[in-house]
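Trainee: I am new to this structure. Could you walk me through it?
Mentor: Gladly; here it is.

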Amino acid sequence: MGGADFINVLYSEYLQFDPKNPTWEGRDRFFLDPGHMAPMLYAELALINKFTLEELQQLRQWDSPTPGHPEVCYERGIENSSGPLGQGHVYAVGAAIAAKFLAAKTGNPTFKKETVYTYISDGGIQEEISHGAARIAGNLGLDNLVMFYDSNDIQLSTETSVVTCEDTAMRYRAFGWEVIEIEGNNVEQIRQALDKAKAVTGKPTLIIGHCIMGKGALKEDGSSYERNCKTHGAPLGGDAYRNTITNLGGNPDEPFAIFPEVKALYEARLKELETIAATRYAEEKAWAAQNAEKAAQLEDWFAGKLPKIDWASIEQKPNDATRNASAACLSLLAKQVPNMIVSSADLCNSDKTDGFLKGGATVISRDNPGGNFLQAGVAELTMACCCIGMMLHGGVIAACGTFFVFSDYMKPAVRMAALMQVPVKFIWTHDAFRVGEDGPTHEPVEQEAQIRLMEKLKNHSGKNSVLVLRPAEAKETTVAWAMAMENMSTPTALILSRQNIENLPEGNDYEQARKGGYVVAGSDENPDVVLVATGSEVSTLVAGASLLRKDGHKVRIVSVPSEGLFREQPISYQHDVIPVGAKVFGLTAGLPVNLQSFLIGAHPSSTIWGLESFGFSAPYKVLDEKLGFTAENVYNQVKKIL
Ligand SMILES: Cc1ncc(C[n+]2csc(CCOP(=O)(O)OP(=O)(O)O)c2C)c(N)n1
Ligand SMILES: [Mg+2]
């Protein structure tokens with residue numbers, strides 16, 4: 001209720017979209033940060049015919065298009081799912097970066113005219129991620145970004161003064177923003193602020209709107225219910241809504257009515273928008289006529305179509321680390337995928353996303369908005385959300401890298417990408433304890449188990465919500481990157497090694513990695529034991545197998561870059577790879593649970609060697625010895641079950 005004046009002015013006078021074409025590439029975007037304000041957004045969208053009044057009445061009910069928090073749906077005018085405070089406005093930062101990128105890269109004038117609006121509340125301002133977003137948007141001078149802050153002094157359980165004495169205006173100014181302060185329920189001031197924000201150049205704008213929480217609300221006894229935490233999320237209670245609707249000039253017997261003058265206002269605006277869109281289309285058409293090739297390319301970009309990528313041209317160095325193998329792929333992608341943007345949280349030379357720079361990418365800056373490498377600074381969650389926002393905008397493919405252990409700082413964003421089915425590529429290197437001297441703080445142990453849980457969780461289209469790939473060595477990494485690029489329906493995680501890894505035996509058919517798991521070349525017929533691993537542990541199994549063969553044992557080795565994908569194969573294939581009743585030995589540098597499912601149906605003596613504690617500080621070869629990740633230990637452990 002406190003934000004209604006702003007949203008009404010924005011939608012009835014400023015936001016430019018095509019009522020007939022909700023996915024128009026050049027439309028203004030509106031990203032809602034506080035998902036609990038879903039009713040405000042749904043009600044506004046009902047005024048532009050995106051929801052019916054009946055649908056509004058189904059708020060939070062089973063199978064309704066109006067769930068408790070909005071879920072992305074372009075057709076209905078919802079640009080993002082929102083709920084976890086803080087993330088929504090960072091998607092807007094990503095979208096603003098994407099709009100500037102597309103403007104610079106294509107020259108299509110429509111992207112210069114596009115404005116990205118976002119709405120934030122006290123909760124989002126307090127979330128740590130707001131610092132990352134403010135820094136990046138300020139540093140890049142995103143003058144196509146306008147953020148309205150619903151500053152109402154009230155949050156869920158207290159007044160804001162209990163938890164903060166921040167001078168928010170000063171903070172955003174310090175980050176390089178234009179800051180305007182207004183009475184957030186004063187329509188004239190809202191107009192002036194939006195006019196001013198649109199005219200600002202070289203800076204994003206924050207409009208701090210001092211709003212009245214629960215504006216116009218009355219309690220059951222008729223006293224004021226304004227500025228009260230209790231109005232945050234719960235119904236007003238009893239007949240309070242009747243008093244409130246009467247107080248606001250409505251009829252409490254018809255709470256879902258649209259006033260005729262409001263209807264007329266929006267009808268007129270929708271007409272106006274048709275003209276605005278037609279003018280913009282004409283400009284786009286004129287540009288397309290002059291730039292036929294770019295126009296065709298742009299269409300592909302928004303359709304999520306990849307150009308031909310010459311994967312076969314990649315020559316992986318023998319026995320290389322998979323992070324280096326990833327760099328080789330990124331170098332090629334920099335040359336062949338012009339709408340790809342890669343980001344790193346200040347680790348590009350370690351996570352090897354600098355391969356993208358070496359392939360010719362340039363760093364995005366206020367002077368180079370058409371660059372395609374975002375140096376995100378040390379802000380993993382912000383980086384992930386920016387990448388999601390770029391892809392929500394459309395026209396761009398985004399990937400971001402850091403150390404695997406810091407995926408912990410990104411999980412909330414990975415979850416939202418999975419829920420929204422946004423195909424960001426997450427690049428996580430330094431995938432295990434072999435980080436070594438950096439000690440247990442930097443050594444991922446349980447992270448693979450955590451991220452693989454997302455492979456076991458289906459999205460609302462029935463697909464594994466994330467594709468998680470931990471390739472065994474350099475050449476398998478090329479296939480993994482191809483799979484990541486081709487996957488435009490869910491996020492993909494690439495989990496890569498810091499250390500060098502021996503190549504798999506000659507003749508290995510790497511394309512089989514597309515099945516999630518496969519028998520590695522050189523395996524024996526009718527094996528006595530099946531050795532299973534993901535990532536670099538596969539090569540340790542290969543080394544262990546050669547010792548076992550000296551004793552006359554027949555051994556099969558299975559590489560499983562993605563358990564989730566493997567489980568989608570026909571059961572007959574799964575049994576061909578790991579026969580029912582076989583003796584299975586699994587090796588994982590993560591928690592044993594990573595491979596647990598391969599013991600189902602296997603011989604009861606089957607076992608897994610994994611980590612059951614945090615890591616330790618030592619050179620990685622010493623850790624391999626101490627923790628049992630050697631050919632000798634594979635031999636010793638397997639001998640026990642043969
Ligand atoms: C990351 C996250 N933490 C906690 C919550 C639960 N929550 C929802 S709204 C809210 C605070 C609401 O305060 P404010 O943002 O000022 O919204 P207002 O009450 O003014 O509408 C909280 C803590 C959440 N949605 N997301
Ligand atoms: Mg508030």
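**Charges, rings and a metal site**

Mentor: The charged end of Arg27 sits over the ring of Tyr74, 5.2 Å from its centre. A charge sits over a ring if NZ of Lys or CZ of Arg is within 6 Å of the ring centre and within 35 degrees of the ring normal. This is a predicted model, where local features need pLDDT of at least 70, side-chain atom pairs count only at pLDDT 80 or more, and totals for chains, interfaces and linings use all residues. Residues are numbered from 1 along each chain as its sequence is written, chains are lettered from A and ligands numbered from 1 in the order in which they are written, and side-chain values use heavy atoms, with hydrogens and water left out.

Trainee: Over the face of which residue does Lys219 lie?
Mentor: Look for the ring centre at 5.4 Å from Lys219. The ring belongs to Tyr225.

Trainee: Which residues coordinate the magnesium ion (ligand 2)?
Mentor: Donors are N, O and S atoms within 2.8 Å of the metal (3.2 Å for Na, K and Ca); water is not among the atoms, so sites may look incomplete. Here the donors follow the spacing D-x29-N-x1-I along the chain. At 2.1 Å, the ion is coordinated by Asp122 (OD), Asn152 (OD1) and Ile154 (O).

Trainee: How many residues apart in sequence are the parts that Asp122 and Asn152 tie together?
Mentor: Helices (H or I, at least four residues) and strands (E, at least two) are DSSP runs, numbered from the N terminus. Asp122 lies in helix α6 (residues 122-126), and Asn152 in the loop between β3 (145-151) and α8 (168-174). So the pair ties together parts whose separation in sequence is 30 residues.

Trainee: Is Asp122 buried or exposed?
Mentor: Buried means under 20% relative accessible area, exposed over 50%, partly exposed in between (1.4 Å probe, protein chains only). Asn152 is buried, and Asp122 is also buried.

Trainee: What kind of aromatic pair do Tyr172 and Trp177 form?
Mentor: Rings of Phe, Tyr and Trp (its six-membered ring) pair if their centres lie within 6.5 Å; planes under 30 degrees apart count as stacked, over 60 as edge-to-face and the rest as tilted. By this rule there are 15 aromatic pairs. For Tyr172 and Trp177, the centres are 5.0 Å apart and the planes make 85°, so the pair is edge-to-face.

Trainee: Which residue in β14 stands opposite Val519?
Mentor: Two bridges join β12 to β14 (residues 555-559), and the two run antiparallel. Opposite Val519 stands Val558.

Trainee: What is the phi of His430?
Mentor: Most residues other than glycine have a negative phi. His430 is in the loop between β9 and α17, and is buried, with a relative accessible area of 5%. Although not a glycine, His430 has a positive phi of about 60°.

Trainee: What is the relative accessibility of Asp431?
Mentor: Asp431 is in the loop between β9 (425-429) and α17 (447-453). Asp431 counts as buried, because its relative accessibility is 7%.

Key
Two strands pair if DSSP finds at least two bridges between them.
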